[in-house]
Amino acid sequence: MTSLELRRDVWAGAAAGLAGGGILAATLHLQGKMSLTVGLTGLAPQAAPAVQLGIAGLLGAGFGAVFRYQPESAASSLTAGLLYGLLWWIVGPLTLSPLLAGVVPSWSLEDAAAGFPGLIAHLLYGAVMGTAFYLMAGAWRRRIPAPPPVPDAPPVRIVILGGGFAGVSAAQRLEHLLRRNRAVSITLVSESNYLLFTPMLAEVAASGLEAQHISAPVRAALLRTVFRRAEVLAVDVAAQTVRLRATPSAREETLRYDHLVLALGSVPNFYDLPGLEAHTFSLKSLEDATRLRNHVIGLLEQADVEPDPVERDRQLTFVVAGGGFAGTEMVAELFDLVHSVRRFFRGIRSADPRFVLVHSGVRILPELSPALAAYAQRKLEARGIEFLLNTRVAGARRDAVLLVGGDEIATRTIVWTAGNQPHPLLRTLPCERNRAGAVSAGEALQVTGLVNIWAAGDCAQIPDVLNQGKFCPPTAQHALREGWVVADNVAAALRGRPPRPFRFRTIAVLVALGHRTAVAEVRGWKFSGFLAWFMWRTVYLSKLPGFEKKVRVALDWALDMFFPRDIALSSAAPTPTIAQSVEASADGPRP
């Protein structure tokens, strides 16, 4: 957005804040509770009305600068205003007021209940401000002339395949580097229209976070890039074209490129084990997390009235395969979900649910030091979670997971986190690949053996120049920075300059274990317990894309302290398996 549009949103937000502040001041005055200044900031009630309204205007200006005006989004502006009002109720009456009075805020349920009238007033403030902002900014926008159109056929086309951390960060960096170069077009193609913050996906599956709160719309994150929601069918490196299709029933399209960035990420790898793909749940998308959440809650509903004890035990047994980051966090979150809502199901006793983690290695969390991994296992075992180490999965049935050696575990829930592989499309490219199928890239992230094709993220094998003989791990912090370096090198190639190698050392590794416990390793320093959990939440909240999403997740976490997790089923239909979901979404055979 231009600086003129930013000024428009700030001034419209300030005016809307004044309007909302007037309503809030009147409401609080009628309640006899506190002044506007106390409500919003916790300052003394003797402050002059002009100061009070000035604070409301400044907060409104901040609202306009952060949330910005979006056409045809009156409901979103109202919702953002309500969240903003709720945030300032927490910051003001619940936090700043006690601090200024010399009392440490407890954020207890009693304090929240005592401040409930103020909450209503703050929500009214936010609703009025959000609505007024939308109306004022919209009226102002109609007076601003539209910017000149971008040329329809620019001579240089940059195409990015993949909307994960690597792809979106590359597009954002290219927008910044080429912001004055209108002779270049940037197009991003992805099957999903959101950037998913995968480290919090397990909390969505465990009903701890709302699904939409950990995803940022790609269109909103990119200002100049053309976004295409489509499936990539093939890449013709000779003709420099990409074949794609928006929906299974749509016609194929061809997209030309001059520079191509591969950031397709990874997909679950089931190693051709019998029944595994058909009868397990993966954890790669919002749909996966929502499907698993509904499945678990549906099983609790069934087990609550199940007369057959054998079937009931099967329904209340939850198996997670894979002892890495995703598997360890998932089994901990499943444990928290089931036990936090168990009181709603009177037919399920505390000792009935069973949680099993199956891992092929000698210890869980091989990415961490042995001491932290042992601590994590001890904490989870103390809660009753079982570990089957040095054990491999041999297959799955609808009612059991099969283990190598002939043993099996009767269950209706198998979560598969034990294997990923690069996107299958990469196997069709005429280039070097590793055994897993990832394309081989050089230190500058250019695909080996191909011209003007770059790679970043999980789909690429990238040498670690700071650790000779090894390759960069497939983590979000690496993918994000690989996207930046890819963008720098593509821009350098357009300007005739040499590329630079990718250099990055892992900053931190953090794993949440539920129950406000975690383990963390930061540049060799080891942390565990509550401090590591606090670090986990602080770091990941800061990395979450977009201020609005940060606020929503912070509020989800705050509400989780006072209220139980939601057990409302978002789908009344039986939970489909992965294979059924793919089959249902296809219209005819896939190419």
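This is a predicted model: local features need pLDDT of at least 70, side-chain atom pairs count only at pLDDT 80 or more; totals for chains, interfaces and linings use all residues.
Residues are numbered from 1 along each chain as its sequence is written. Local features need pLDDT of at least 70, side-chain atom pairs count only at pLDDT 80 or more, totals for chains, interfaces and linings use all residues, and side-chain values use heavy atoms, with hydrogens and water left out.

User: Is strand β6 largely enclosed or exposed?
Analyst: Strands are DSSP runs of E with at least two residues, numbered from the N terminus. Buried means under 20% relative accessible area, exposed over 50%, and partly exposed in between (1.4 Å probe, protein chains only). Because 5 of the 6 residues of β6 (residues 231–236) are buried, the rest of the structure leaves this strand largely enclosed.

User: Which residue in β7 stands opposite V232?
Analyst: Two strands pair if DSSP finds at least two bridges between them. Strands β6 and β7 (residues 241–245) run antiparallel and are joined by 5 bridges. Opposite V232 stands L244.

User: What is the N to O distance in the salt bridge of E231 and R245?
Analyst: A salt bridge places a side-chain nitrogen of Lys or Arg within 4 Å of a carboxyl oxygen of Asp or Glu. E231 is buried at 18% relative accessible area, and R245 is buried at 12%. Their side chains meet with an N to O distance of 3.8 Å.

User: Which residue forms a salt bridge with R228?
Analyst: R228 is partly exposed, its relative accessible area being 23%. The closest N and O atoms of the pair are 2.8 Å apart, and the partner is E253.

Terms used
Helices (H or I, at least four residues) and strands (E, at least two) are DSSP runs, numbered from the N terminus.
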